[in-house]
Amino acid sequence: MIPLKMYIGTWLALLVFTVITVGASYIDFGDFNLWIAMLIATCKASMVALLFMHLLWDERFNSIILVSSIIFLGIFIGFTMADTGNRGRAEPVEHDRPADVKDPFGLQAPPAE
């Protein structure tokens, strides 16, 4: 059984992280806003998983599964952010030479005049 002091300490720590989250939302960190918010949310979620889901006292295999799923989620979010960050970069190039729908690769000879 977990002592009541640990539950109260966890509750206070989550309140402190909530205040940090609200405080960080008022400060403009530029491109790092998302990363800082994700870091704070990861700390809060880790605390909840370790204490309230009892992963701190459970078998290590369950903790490894949790950590690996968080790592893969981070990788997937990173790939998505890299994709959305580079959208629209090809439009100026494609505007100069629009693709022909009937011959997108330019393999057919132009029609004779």
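Begin by selecting Val 22, Tyr 26, Ile 27, Phe 29, Phe 32, Leu 34, Trp 35, Met 38 and Met 81, which together make up a nonpolar patch on the surface with about 950 Å² of accessible area. A patch of this kind joins nonpolar side chains (Val, Leu, Ile, Met, Phe, Trp, Tyr) within 5 Å, or like charges within 9 Å, and takes residues with over 30% relative accessible area and no salt bridge. A salt bridge is a side-chain nitrogen of Lys or Arg within 4 Å of a carboxyl oxygen of Asp or Glu. Accessible areas are computed by the Shrake-Rupley method with a 1.4 Å probe, and for residues only the protein chains shown count as cover. The largest contribution to the nonpolar patch is that of α2, with 3 residues.

The model is predicted: local features need pLDDT of at least 70 and side-chain atom pairs count only at pLDDT 80 or more, while totals for chains, interfaces and linings use all residues. Residues are numbered from 1 along each chain as its sequence is written, and side-chain values use heavy atoms, without hydrogens and water.

**The whole chain**

Next, display the protein chain as a cartoon. Its secondary structure comes to 4 helices and 0 strands, in the order α-α-α-α from the N terminus. Helices (H or I, at least four residues) and strands (E, at least two) are DSSP runs, numbered from the N terminus.

Colour the chain by pLDDT, the predictor's confidence in each residue from 0 to 100. The mean is 84, and 86% of the residues reach 70 or more. Confidence is highest in α1, at 93, and lowest in helix α4 (residues 91–96), at a mean of 65.

With the surface shown, the chain has about 9800 Å² of accessible area, 70% of which belongs to carbon and sulfur atoms. Of its 113 residues, 10% count as buried; buried means under 20% relative accessible area, exposed over 50%, and partly exposed in between (1.4 Å probe, protein chains only).

**Along helix α1**

Select Val 22, a member of the nonpolar patch that lies in helix α1. Its relative accessibility is 43%, so Val 22 counts as partly exposed.

Move to Leu 15, also in helix α1 and partly exposed at 38%. The C-alpha atom of Leu 15 is 9.6 Å from that of Lys 44, although 29 residues separate the two along the chain.

Thr 10 comes next in helix α1. Is Thr 10 buried or exposed? Its relative accessibility is 4%, so Thr 10 counts as buried. Beyond its neighbours within four places in sequence, Thr 10 is in contact (heavy atoms within 4.5 Å) with Met 47, Leu 51 and Phe 52.

**The aromatic pair**

The structure holds 1 aromatic pair. Select Tyr 7 and Phe 52: their ring centres are 5.7 Å apart and their planes stand at 10 degrees, so the pair is stacked. Rings of Phe, Tyr and Trp (its six-membered ring) pair if their centres lie within 6.5 Å; planes under 30 degrees apart count as stacked, over 60 as edge-to-face and the rest as tilted.

The pair links distant parts of the chain, 45 residues apart: Tyr 7 in helix α1 (residues 4–25) and Phe 52 in the loop between α2 (33–51) and α3 (60–85). Tyr 7 is partly exposed at 31%, and Phe 52 is partly exposed at 37%.

**The loop between α2 and α3**

Finish at His 54, placed in the loop between α2 and α3. The phi angle of His 54 is near 60 degrees, a positive value in a residue other than glycine. With a relative accessible area of 37%, His 54 is partly exposed.
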